[in-house]
Amino acid sequence: MKIQSEPIGSIPRSPELIEAILSNGAAGDLEKLYEKAVAETLLAFENTGSEVITDGEQAKSSFVTYPLNGLTNIGEGGMRIDFEDGHFRQLPVLTKGPFRFARFAEQYVGYAIKRTNCLVKQAVISASALSLIYPAGGLEGYSQDEFISDLINECEKDIRLCLQQGAHKVQIDFTEGRLSLKLDPSGGVLRHFIDLNNLVFARFTKDEQQKLGVHVCPGGDHDSTHSADVDYNSFLPSLFDLNVGNFYLQLASEHDKTKVLKTIGQYLKVDQRAFIGVIDVNSPRIESAEEVSDLILEAVKYIPVNQLGTTDDCGFSPFCDDRSTTREIAFAKIKARIDGTKLAEKIIFS
Ligand SMILES: [Zn+2]
C-alpha cells in the first residue's frame, strides 16, 4: 500500500527569469529562459524522489492569468484581492465579447511530459475565478449568459486537452472558494461558484472525474494569505459537492488541524481522495520528515488511509514575480513531504 503524494504546481522562478519577465525581454530570449527553467525544475523535482511532479509553472504569468495573456479584449481594473500584509492583486476585466482563451495549459504539460520519466500533473484555473472578469455593468452585445456559456466551453477544453496530452491529474485551482465566504458570509456566492464549476465537471465521465482534482487554500502570495480568517470548517462541507475525485487541501498552516481533519473525514465521499497539505508554503522553516509523518498519523484517525494523500498547502509562487521563497527552500520542503510520507507509510503498513 502507498500514500499518494503530489505537489500543487508552482515553484519560484529564478531571479534571472523574474528579471527577464519584468523587463519585458525579447520573446526569443524569454523562450530560451523558459526552456532552461523548466529543464532545471523537472530535474530538481526528480531529485526529491517525487513520483508526481509539475513543470513548476515556470512559463505561466500566474495560476489565474495564463489563459488571458495576449488577449486584446481585456483591460485593467477588475476585481481586487487584498492580502493580509496589505498588498493586493487585481484581475483584468473583459471589454468585449466573445471570450476565448489565448492559450491552454496543455502546452505546458505536453512540453514537460516529453522531458521527464515522472508522472506530470497540470493545474488549470477554475471557471468560477475567470467568471469574475465579466464587468458588473455588463457588455453591449455580449450578455453574461453568453459569456458563461463560452467560459464553460473554454474551461472544459482546457482540462480535456491536458488529459489528452497525458496529464496524470488535472488540478483546478479554486482559491476563491474560501475567499467567497469573506465577501459573502451567507454562502450564496460559494454555492454559485460550486454550481458553475460542476457545469464544467459534468462534461466529463465518472472515470475522467477521477483524474480531476480541486485545490483550495486561503491564498499564498508573498508569503501572505487573503482568507485565512474565514473558518475552514464552514467552507469544507460544500466543497465535496464538487464532482471530482481529488481534493488538494491546505492544512499545515491551520491552527486546529485535528478539527479540520475531522471535518474532511465527515464530508469526504467514498469516491473522493483528500490530499492534505503537510507543508506550510508561507513559512521559510523546512519541515522535518517526522513532523510530516506525525500529521499523516493524525489524519488516518479521521480519514480512511486508502482515501488519503499528501500535498503542499499551495503552490510556492502562484504569481511569477513572487520572490518570497527561494527555489532551494521550496525543493527542500518538497523533499520533506516525500520523505515524511514514506516514513508514515512504513509505520502505517508495517
Ligand atoms: Zn493555493
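A residue is called buried if 20 or more other C-beta atoms lie within 10 Å of its own C-beta atom, exposed if 12 or fewer do, and partly exposed in between. By this criterion, buried residues account for 45% of the 350 residues in this protein. The model is a predicted one.

**Overall form**

The protein contains 12 helices and 13 strands. Of the contacts between residues at least 6 apart in sequence, 81% link residues at least 24 apart.

| Item | Value |
|---|---|
| Spans of the C-alpha trace along the principal axes | about 65 × 45 × 40 Å |

**The parallel sheet**

An open sheet is built from seven strands, arranged in the order β1-β13-β12-β11-β10-β9-β8 with parallel pairing. At its edges are β1 (4-5) and β8 (122-125), each of which pairs on one side only. Strand β8 is joined to β9 (residues 170-173) by four bridges in the parallel sense. Within this region, I125 lies opposite D173 of β9.

**The surroundings of F240**

F240 occupies the loop between α9 (232-239) and β11 (246-249). Because F240 has 19 C-beta neighbours inside 10 Å, this residue counts as partly exposed. Beyond its neighbours within four places in sequence, F240 makes contact with Y267, L268, K269 and Q272. The C-alpha atoms of F240 and K269 are 7.1 Å apart, although 29 residues separate the two along the chain.

Methods
Residues are numbered from 1 along each chain as its sequence is written. This is a predicted model: local features need pLDDT of at least 70, side-chain atom pairs count only at pLDDT 80 or more; totals for chains, interfaces and linings use all residues. Helices (H or I, at least four residues) and strands (E, at least two) are DSSP runs, numbered from the N terminus. Two residues are in contact if their C-beta atoms, placed from the backbone, lie within 7 Å. Two strands pair if DSSP finds at least two bridges between them.
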